[in-house]
Amino acid sequence: MNQRLTIVSLLTIRTTNQPTSGRTPFVRTTCAWLCLVVSSWVGIQPVHAAADQPSIDPKPVPKQPTLPPPPSLPPTPASPAPIDATPPALKPFEQEIPSAAFKFDMIPIPADETKKIKPFWIGKTELTWEAFDVFVYRLDEGGPDAPLPDNMDPKSDAATRPTKPYLPPDRGFGHEGYAAISLSLHNATKFCEWLSEKSGKHYRLPTEDEWEHACRAGAPAEYEYHFGSDAAQLGEYAWFADNSEESPHPVATKKPNAWGLYDMHGNVGEWVVSRDGKRVVKGGRWDLGAPDAKITARSEQDHSWNITDPQIPKSKWWLSDGSYIGFRVVCDPEPKKDAKPEQIEKPELPTVPSTKP
């Protein structure tokens, strides 16, 4: 482009500065014509043409109208927090005994997936006479001589009660605060059925695996007791042959295990549902030594437990010579299958946060 402008400028100078003498009109016309051609080729208007044409103002660019800001959108509601599908952890609770101003504590026990043990509750202590008396003497129905309610089947679990003992069942060792003793496996099982009927919950005896799991309370598998394997420490946690003075003692007077359960070692043997179907008690007894109180130790029912019973056949409810045999109850999270709606306690579930802005 600069080269073109230079050529036009030179041509214009040469044609305008030369003397006109001696030039013919043809030559002047030809030069002028060449200038016009060259100037149009490079896009430059001749000076005389620009003077004749009016200047054209560029078209003004219209201003774009100012648009109002877009309306503000409501904030996107936060997504609700995900609900944990894990069942809520069990919490301790107190079980009331009907027709008695008495409650006993139930302690939650976590699951053990390796042994296929689900969570459950277990009694904080062995069952005491304050709870068992209501069952055996029918205090919830007006006493042992009161007629059965009209709507109760005499053969139902709630109506089936122990025969009246011919000797004081506590054997004179102590009553209030003491574990109920001299009880057969049948007697302990029927108490659980009665309490289930009255409470709407599902009470039962622990299995042997559940009992050992609750006793160990998370301690390493190599421990012989829930506190370790040193039998010299057993006296801090248990009433057994070395310190019992040949008698059971009130419950919860020794140290508990790590989960808050008392007398899992010693005091009275506790009925369980055994692995092999035999009648078995766990936990040792006030009349036995330290080896019998180990977590894995078990005692099978022996005929000597009922040898002085004069009845023929022997009582299915009482152990005349089993003053060292009691039990501890377990409660399942699921209610009793035929529980009344008002008896079922609904668990506390996690709430979903509100999605309102």
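## The loop residue H226

H226 is found in the loop between α6 and β5 (269-273); helices (H or I, at least four residues) and strands (E, at least two) are DSSP runs, numbered from the N terminus. With a relative accessible area of 11%, H226 is buried (under 20% relative accessible area, with exposed over 50% and partly exposed in between; 1.4 Å probe, protein chains only). Leaving out residues up to four places away in sequence, H226 touches C215, R216, A219, Y237, P256, N257, H265 and I295. Contact means heavy atoms within 4.5 Å.

## Basis of the model

The model is predicted: local features need pLDDT of at least 70, side-chain atom pairs count only at pLDDT 80 or more, and totals for chains, interfaces and linings use all residues. Residues are numbered from 1 along each chain as its sequence is written, and side-chain values use heavy atoms, with hydrogens and water left out.

## Aromatic pairs

The structure holds 16 aromatic pairs. Rings of Phe, Tyr and Trp (its six-membered ring) pair if their centres lie within 6.5 Å; planes under 30 degrees apart count as stacked, over 60 as edge-to-face and the rest as tilted. The ring centres of F191 and F327 are 5.7 Å apart and the planes are at 65°, so this pair is edge-to-face. F191 lies in helix α5 (residues 185-199) and F327 in the loop between β8 (325-326) and β9 (330-332), so the pair ties together parts 136 residues apart in sequence.

F191 is buried at 0% relative accessibility, and F327 is buried with a relative accessible area of 0%. One aromatic cluster is formed by W129, F132, F135, F191, W194, W318 and F327.
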